[in-house]
Each structure stands twice: as C-alpha cells, then as structure tokens.
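Let's take a walk through this structure together. Keep the 3D view open and turn it as you read.

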Amino acid sequence: MKVQLFVPCFIDQIYPQTALNTIKVLEKAGCEVSYNPNQTCCGQPAYNAGYWDECRPVARKFLDDFNAPEYIVAPGGSCVGFVRNHYDKLFPDKNMSQNTTQKRMYELTEFLTEILHIDNMGASFPGTATYHDACGALRECGIKAPPRALLTNVQGLELIETDDCEVCCGFGGTFAVKYEFISSGMAEQKVQHAQKKGVEYIISTDHSCLLHLDGYIKKHLIPIKTAHIADVLASGW
Amino acid sequence: MKRKQTEFLLASGRKVFDLDHRKKLNFALKQADAAYKKGKQQFSDLETTKKIAKNIKWQAIENLHTYLEAFETNFNRNGGRVIWAEDTQQALDAILNVCRKNEAKSIVKSKSIVTEEIHLNQFLTKHHIEILETDLGEYIQQLDGEAPYHIVAPSLHKSKEDVAQLFHEKLNVPPDLSPEELTLVARNILRKKYAAAEIGITGINFILADIGGIAITENEGNAWLSASAPKIHIAITGIEKILPSVHDLNLFWPLLATHGSGQRTTVYNSIYTGPKKQDETDGPEEMYVILLDNRRSHLLADPAARESLYCIRCGACLNVCPVYKNIGGHTYGTTYSGPIGAVISPYLNDAAEYQHLSFASSLCGACTEVCPVHINLHNLLLNNRRNAVEQNLISASEQIGWKIWKKINQHRLLMNWPGGATKTFLVGKLFRQHWGIRRILPEFTHKTFNQFTKNKPDSK
C-alpha cells in the first residue's frame, strides 16, 4: 500500500529520528512510503492561538502538498485531529466534503491497527513504561486502544497504566509559555504519577507532550525517559 | 497586560504550587470523579442521551423568546409574577422593591450562582437587610466571607478540619466537631431563620415554559424551606435556563444529578408553579420569578458562541478540567469559573478584561467530553481566542510573531534555515523567560528531517 508521510513540525525540527522510525515501521508493515519534501505544517499552532488568517495559507499549503489520493500517515495525533476536525471551520467556503484529505489522514498507530490490521510489529523494548494518552490523539481522534494493542505486543515491555493516563500533560502550545505556572504544574503531576508507578519510560503518540514532560524530567533529574511510540515500535529488529 | 490578566497569572502561580491546596482539591475532585463514574451507569447510552438533551436545549435557545413568553403567560395564570431584568441593577432594584413593600428585614436564600453574579448579598447588606445562605456549603462560605469556590460545591476547597476551625472561630463552638456535629450546629441556626424570614430567595435549575413553573434541584431541603416557609418567594435565574416542557425533566433531572454530584437523582427535586392558592394550606403568598439577561443576549446574538447557553450549570467541566484542578475557583476572578466560565465571561463582561481566560487552557477537551449537553467547550475557547485576535486584544509582539510564523511555514526552505544551533539560540532568547524555571527547553537538531531525507532516492 502506498502512503504519504506527514512529519509534524516538532519531529521535523527536534526529533528527526522518530520520522525515520515511522518510515521503518510503515515499510515493515508493507507500505511504500513517499515523502513530499515541500511539506511544512498543518497550521494548528496559529489556529489554536486565534490567528486563523495566519493559519489559513499554511493549511491550504498542506492541502496542496497532500492532494495525492493515498493515505496520509503521521506520527502524531494532534495534527491528524486538527486536520480532521477543524479544517471545515477554517475553510467554510471550500466544500471540504469533496476533499478527501481529512478522511485519508491517519495517526500511525490507528493506521497500523485499523487500516492494516497489524497489532504486532515484532519489536522488543525491554523495560517498564506507562502510556500517556495525548489529548489530540485521545479526544480529537478517539485513539485509545491502538497504541495499547501495539505496545502490549512489544517484547520485554511491561505496560503499567496510571490513573491519570488521560489527563493532559500541560503543554497546549502557547499555553505552555503564556501560563507557565499552570503548565509546569500539570507536567509535574503527570511525571509524579509515573514516578509513583516506578516506570522507566513514558510513551506516547505525540512528541509535543513528550517534549514538555522531558523538559520537566531533565530539569529535575528524574530517572524517567520519554519515548515516542514510533521509536518503540522500531526497536529490536 | 491587563490588570485582571496579571492578577490571574500571579494568583495561578501561587495556587498551582500550594501543595496543601493541591491535596485538598485533588481529594475532593477524586471523590467527585468516582461518584460521577458510578452515577453515569444509570444511562444505558449516555452519548445518545446527551445528544437528545442538546437538541432540546438547542430548540429552547433558538426559540428563547417564544418559550420565555409562554412561561410568563402560564406563570401569571398561576398567580405568580415575572420580572424581566436586563442587567444587574434592574434585578437588584426589583428585589429591593419587594423587600421595601413588605418591610422585610430578614431573608433566607438557597444556592444561586446568579445571586453571586449580581452580588446580591453585598447589596442587601448595604441596605440593612439580613440575608442568610441556607445551603451548607454556601453558609460556610458566607461565614468565611468568601465567594463560592465551585458552581455546585461552594466550599470544595475546605477540608472538614478547616470547617471545624471556621465554626469554632465564628460561632464559638468547640474546635474539634465532626462533620455531623457541624451540620447540626448550622441546622439549628438556620431553622430559626426560616421561621423568622419574611422573604425566601432561591435560584432556578429549569424554567418550565409549558406549565409556567420552575424546577429546583437540591440535596439538603434548604431550597424547599426557603421557597415555602417565608410568605414571599423570589426565584431568580438567567434566561438560558429554559426548558420547553415539564416532560423534559425526565431527561434533565438525572443528567444534572449525575454530572453535578454523581447521584442518580438528587434528594429533593421540586416544581413550583406559583404562590399558595385559595384552597391550599402551604406555600408563599406571593411568588416572583426574575429573569435576568445581563448580557446573555450577547451570547445569543453570536451563533458561534450561542451553544454556551445550553449550560445547565452542573459543574462537571470544572471537575475534569486540569486547569481548574490546579488553580481552583477563586483564581479566575469571575462568578463562573472553569471552562464554561472562561467561555462566557468575556461575553458577560468587558471582553478585553476577560479574554485571557480563553488562553488559560491546554485545549485538552476533557470539558467537551464530559458536558451533559455536549457543549463544544474547547472549541468555544478557540472561538474566543479568534475573537480576541480580531478585536486586537493581543500584544503587538505576538501579532508580529505569527506573521513571521506564517512566512516560515509557507516556504519549506525557511523551515530548514538557519541551522539547529541558531534556532535553539533564538527560541531560547524568545521563550526562556516564559518557559520558566521548572522545565528546560528542547534543542533543535543540526538538520531537520526534511534536510536528512531530501537527497534520498525514495523521497518524491
């Protein structure tokens, strides 16, 4: 199956390895992955900040860059949720129902499990981990089971749930800089809950959450690492 | 930065890292969460129930004038009187008029967030009329001289030890009373007041258009007593609390109970359809319903914000909101706190003073997920943000920032420029101060993924 890779800006700029691992995973799953090098961003940062006029040309560019008929797969639920649920509002005049982009776009784990029906990537990743439900994946895309199904089949990985797995990490884009106290406080409690469970890793579908938690963890020298699910699924083979 | 925003920022910092506050709030909200999860089992299909409820509120709000007028006609026929109040002052004047006409010196009041909105207690006290809160949580807050902390649970932030200490200080009772003993202390004081008060004031949970009645939901029986013991009953509410029919309560009573307190239904659910009739033995001689606009018509006028008027004030969005959980109710500096408060406050007040609340959210969507009438709360916050930008309420530097962002994201080459080290330096310069001391900023890699991949043969 041919798929187009969309690389969220965090991954493009800060964690390129995760994009490489996404390709590795998709190829193992039998996909032929193409990457349009013109791509930039889905437009979400400006939209969330209230700058719809600034967002619109970037979102339009996204639609142009991904106008091929293949599935679009992204290692991140936040961008997928944004394109799926908010482009209609951004382009009220454009008949989005005629445009299949929203329907063709998938987050990596939901693509693997729901489209390709794969829940075992043959990965091994020794250690204990908790899964953090990124808000974009969980509430914008309704992704709850796919990452857990895939992680459960990772050899050597013990998945331990926390009570607050669905509670936001506190990042929220500009929120993290506009209200740093609240944002940091949320990260603190998220990390403390993971610490209480004694896990070595916090795994998620979205690097935006992980970047935020990692910033708190590193500052406080806490013995927990963050790991993107694509990196976990690409491990050990 | 506006004064309110600065106050909010500083207060939020104090609250978030006040570990005692965090502990108390987490304790209370964990209990609320457990009760909600148990309570919602009564719905075999909660999502469909919510959709039906939203449709009913949609119908009610889209035809608000029709239903309100129907209510007035029917309530008048029942012998009651409707008072339309465009703003706070008209509502206060109406209440004062009733007080003066009846030479009222003492009032008992049950829980009503609208009376907080119009600052009724302060107003009546200034006019030498005693007004006593009869809901236990509100009574505690009144004793402490504090506004309610939560729409449904006014003293949520106080532990039982805090309440014992407060009663000891204010009511001269021993300092170590149990919750049961404290309740009895309050009950004994309040019982005497019901008998003495000339007027009882209550809120309203639902205005029932078809029968010209009002429905009040409670757990303590204090609203029931406030409405029926004194010879005059004044009920006050916002115009959005309308339901087309008494039959809608089948759906809304359990929805409100489960989302407000985790109950299947609350202990008391009463419908009042007017004053005592000739052949009746109980009830007030006169009954007034005050319908308050107070800029709710601004929400009605904006199709993008209108659904916020579907709110039944259950408080569930506060309970699940990670921001509320961290900063508590008072930090908002508004009558209505939490997600719904952040949504409606810029409309009910000066938008410039309250727009910052719409940005004080990570947009996690937990509020939208829990709302019993499916109000798309986090999308309404996004809408407010857009309004703030369009009304030019955002700093010039941020505006320039987004223009630069747009430029960069329209051109792939600009995203690859000017190298990781320089980007890390620039982002540090721009954001280090706002990122704060509790987190480190990430570092950009030397090359973007795009640059890594560009020369690979498999890229298109």
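A residue is called buried when its relative accessible area is under 20%, exposed when that is over 50%, and partly exposed in between (1.4 Å probe, protein chains only). Keep in mind that this is a predicted model, where local features need pLDDT of at least 70 and side-chain atom pairs count only at pLDDT 80 or more, while totals for chains, interfaces and linings use all residues. Residues are numbered from 1 along each chain as its sequence is written, chains are lettered from A and ligands numbered from 1 in the order in which they are written, and side-chain values use heavy atoms, leaving out hydrogens and water.

Let's start with chain B. It has 24 helices and 10 strands (DSSP runs numbered from the N terminus: H or I of at least four residues for helices, E of at least two for strands). Of its 460 residues, 56% count as buried.

Now zoom in on some salt bridges, meaning a side-chain nitrogen of Lys or Arg within 4 Å of a carboxyl oxygen of Asp or Glu. B:Lys24 and B:Asp20 make one, at 3.1 Å from N to O. Both sit in helix 2 (residues 19–39) of chain B, four residues apart, which is about one turn of the helix. B:Asp20 has 42% relative accessibility, so it counts as partly exposed.

B:Glu133 and B:Lys109 also pair up, at 2.9 Å from N to O. This pair links distant parts of the chain: B:Glu133 is in strand 3 (residues 130–133) and B:Lys109 in strand 2 (residues 106–109) of chain B, 24 residues apart. Buried or exposed, what is B:Glu133? At 2% relative accessibility, B:Glu133 counts as buried, and B:Lys109 is buried too, at 1%.

Next, look at where the chains meet. Chain A puts 70 residues into the contact and chain B puts in 65, with contact meaning heavy atoms within 4.5 Å. How many salt bridges are there between chain A and chain B? The count is five. One of the cross-chain salt bridges is between A:Lys178 and B:Glu398, whose closest N and O atoms are 2.9 Å apart. A:Lys178 lies in helix 10 (residues 175–178) of chain A and B:Glu398 in helix 21 (residues 396–410) of chain B, so the pair joins two chains. A:Lys178 counts as partly exposed, at 24% relative accessibility, whereas B:Glu398 is buried, at 16%.
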